[in-house]
Amino acid sequence: MQYKGRGFTVVCAVVATLAGFLMLLTFLSHSAESENEEELPKKFFIAPPPFTPGIFPCSQCHQGMPANRKPRKLEQMHQDIVLKHMPNGWCFDCHNPDDRDKLRLANGRLIKFEESYYLCGQCHGTVFRDWKVGLHGKRTGMWNGEKKYLLCVNCHWPHEPTFKPIQPLPPPVRPSDIK
Amino acid sequence: MYVHGEAWTIKELFVLPNEYIYWSIQIVMYPFMTGLVAGAFVLSSLYHVFGIKQLKEMARFALVFSFALLPVAMLPLQMHLQQPQRGIEVFMTPHFTSAIAAFGIVFSTYGAIVASEIWFVYRKHLVRTALALRNRANKRISEKIQSLIFNALTLGVYDISERALHQDEKAVKVLAGIGIPVACFLHGYAGFIFGSVKANALWMTPLMPVIFIMSAIVSGIALCMLTYIVVMEIRKFLAARKNAARLTHQTKEEIKGIEINVIKMTAKYLLFFLIFAISLELLDLIFRGYTAVKTWDILRSVIYGKDFTDIFILQYGVGNLLPFILFLLPGLTVRRTLIGVILVLFGVFMMRWNVVIGGQSFSLTFAGFMHYHLPIIPDSIETFKEGLFGALLVFATPFVLFWILNKVFPVFGIEESH
Amino acid sequence: MKREKKNRRELSLGRRTFLKGAALGLAATALPFNKADASFWEAFFQKRFHEMNDAEKKQVIERLEREAEQKYKKAIKIGNEKAIPGVLFGYGLDLSRCIGCRRCVYACVEENNQSKDPQIHWITVLRFRKGEKWVDLEGSEKYYNPPMVPEKDYFYMPVQCQQCENPPCVRACPTQATWKEPDGIVVVDYNWCIGCRYCMAACPYGARHFNWSEPGRKPEEINPNTHYLGNRPRFRGVVEKCTFCIQRTRNGRYPACVEACPVGARKFGNLLDPASEMRYLIEHKRVFRLKEELNTNPKFYYFFAYGR
């Protein structure tokens, strides 16, 4: 066996590190996006959450503020939000008291506001299943291409999700009314 | 547990568990026989009402034959009913929303009309015979019975003056006139029984009563022609044999033989009604195929697939087209007529078969078939009644009745009132 | 003899003169006095859509675009996109969600250039009372106008062309002016329709509408993106109907009514694509179609979102 010299060892080490690093990267990136890619179709874009302007990120105000976990009627702020959803529920059933920029699932997992459908899907599983396929909710975009998926909250305000009745557009003209 | 219909139903694909072919050969025979009744009557009315002189011979014949067929109409029903002893309830407590309930009224009305018409037609003969028998001394038993019958049949009216006979003529005309719509109703309602069943895709059509009436008239005319030819041949044959001459009351010379003109004239009417019947049936088929509603899929597979031979080859081909050609070819002979009418009768029978059995050969699921095979060798009362021999019994009975009736109301060689 | 000959000559001269005059007269009518007259003859001699090759179709479309521009003082584009292969369009309508707001009706009117005066709506929303017999559509109300929808105890069912696979209207058309395209859309060639309205009688869903007079639509309201077989400006005396927004769907977009529905009651997609929402719909939801016993085989599926 011939002695290749020190340069060879260095090259081998660099190549090995690079390869390992690349593998790590792919593994990480794959696991991070795996949930989304498995469940939602390839070409999609999800609308951003419809925040009231300036309200997000919540940590603007809530950083450092102690969390009062006692269910009560709010008085100083957010008193206009009356929860008419989930009887006997209150804010911290969905919002995360420790980090207001996230939502909290029942199993303790934290999710971003952009992924709020997981939260709704906990109780509304059948609707979530339909939504993932594209069968629930307003449908815009391309039927054979990029479909636009709206978040649940883009249509249903989570604090009072029932749709209010709206005024219908005019009925057709009766033939007897045509002059 | 015995299931009615299991003996002759074979199921294929998606058939519901309680579905069988419940209406078997006897229900095919029933409209066939009532059709013959109505048809024979219409034929006799063609003379009595419309005065078509050439049909005079046939008219008398047809009238008596119609009367002979009438009781036979009930026979297939009695054999089919699983509670035949209660069959009379249709007459006694009819439910008039049911087409079958019309049976009671129509049947009785029609029977009354035909009976009255025969009485008026034969009154002169009845009175003469009754008087002759009454005046004879030392009657034998059979003659005593005959005297009783004939005297009873005169209904106490012995007037055979010119005026009375003229009135008889008028009565016959009226009765025959009323009788035509009643005869149409008699068979129209049979068509209505099928045509009004919206559950059955093949039966449901408003054309059904009209189709049934037209083919009934066709079959009636055909049967009368057939029996006429056969009887005349028998009579000629018997008259030729010296020792049997007394049976016919006439010599061979006196029997004028089959009037080919009568045959030709009747054949013309047969053709006319045959065209009518075929047109209506084809119209029904074409209409169904064109509009193609949901049930067309299964009907198409029955009509063009399963029953193709029965419908197109046997009924339309052999039963309609072939006799059509036979009758249209110039120089009609008795032999050709004989073949033609037999084929026509076969065609009408096949039409009833294709409607009754064909309508039951697909399941209510529209996704399965049922096959009917006629029980030939009976192995129980059931398979006798609803099998080949039951059907033959029904078909043979009117001829027997006709022979009996001929003794009282002879169709040949007498001077009748009309 | 001479006189007869003379008479005959006179006669034949008379005939010749007459024929000359007639020919001149006919030629005179063919002279383009203005652009409209020229296109009248072109329109009259236009071949059937299927018989034209692409160049002829292009010519026809150019003429139509010219005419439309003249009429509406606006550049109108008339497309002629063909059916995408491997596509059969299907439509889903969620009866548990429709609130009867009619936004689909008016979105369709805006997108498809329907006449506003006289009013033509391609979509009709029917209202039924809950709990009463409704499947036969006899108890429907289409002129409902409450202050707010949805109303308690009522439900709503929009009806438009069902795009049947076995369309009775196509069968009924005596001139083949309406036919089913390979992607399943039943279309009308407005330049071939003779206005007999047999298709309207034959349609069991009342989905076809007739232009009894010249369509009244203001030029600023015209949608310039049109299709020859779809929403191009129509004229008096022709039948029109929903075409699944052929100008949109053949370019991959959703029909206008699907995008307009505020509650997401409308679904659309390719029935032949196993991954589409339409396939999922008909495989997993309780679907029904209107008047199925008539065997028209519509591709418009009504369903209820709840339950499988």
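Helices here are DSSP runs of at least four residues, numbered from the N terminus. The model shown in these close-ups is predicted.

**View 1. B:Val230 in helix H7 of chain B.**
Helix H7 covers residues 208-240, and B:Val230 is found within that stretch.

**View 2. The largest cavity, with a volume of about 290 Å³.**
Of the 17 residues that line this cavity, B:Leu202, B:Glu281, B:Asp284, B:Tyr316 and B:Val355 are the closest to its centre. On the chain B side of the picture, H7, helix H9 (260-291), helix H10 (296-306), helix H11 (308-328) and helix H12 (334-360) each give two or more residues to the lining. Sorted by class, the lining has 10 nonpolar, three polar and four charged residues.

**View 3. A nonpolar surface patch of about 340 Å².**
Four names to find here are B:Phe384, B:Phe389, B:Leu392 and B:Leu393, which make the patch. Helix H14 of chain B, residues 388-408, supplies the largest share, three residues. B:Phe389 lies in helix H14, and its relative accessible area of 39% makes it partly exposed.

Conventions
Residues are numbered from 1 along each chain as its sequence is written. Chains are lettered from A and ligands numbered from 1 in the order in which they are written. This is a predicted model: local features need pLDDT of at least 70, side-chain atom pairs count only at pLDDT 80 or more; totals for chains, interfaces and linings use all residues. Side-chain values use heavy atoms; hydrogens and water are left out. On a 1 Å grid over the protein atoms alone, a cavity is a set of points where a 1.4 Å probe fits but cannot get out, and a pocket is an open set with protein on both sides within 12 Å along at least five of seven lines; lining residues have an atom within 4 Å of a point. Grid points are joined across faces, edges and corners, and a volume is the space filled by probe spheres set on the points. Ala, Val, Leu, Ile, Met, Phe, Trp, Tyr, Cys and Pro count as nonpolar, Asp, Glu, Lys and Arg as charged, and the others, Gly among them, as polar. Patches are made of residues with over 30% relative accessible area and no salt bridge: like charges are joined within 9 Å, nonpolar side chains (Val, Leu, Ile, Met, Phe, Trp, Tyr) within 5 Å. Accessible areas come from the Shrake-Rupley method with a 1.4 Å probe; for residues, only the protein chains shown count as cover. A salt bridge is a side-chain nitrogen of Lys or Arg within 4 Å of a carboxyl oxygen of Asp or Glu. Buried means under 20% relative accessible area, exposed over 50%, partly exposed in between (1.4 Å probe, protein chains only).
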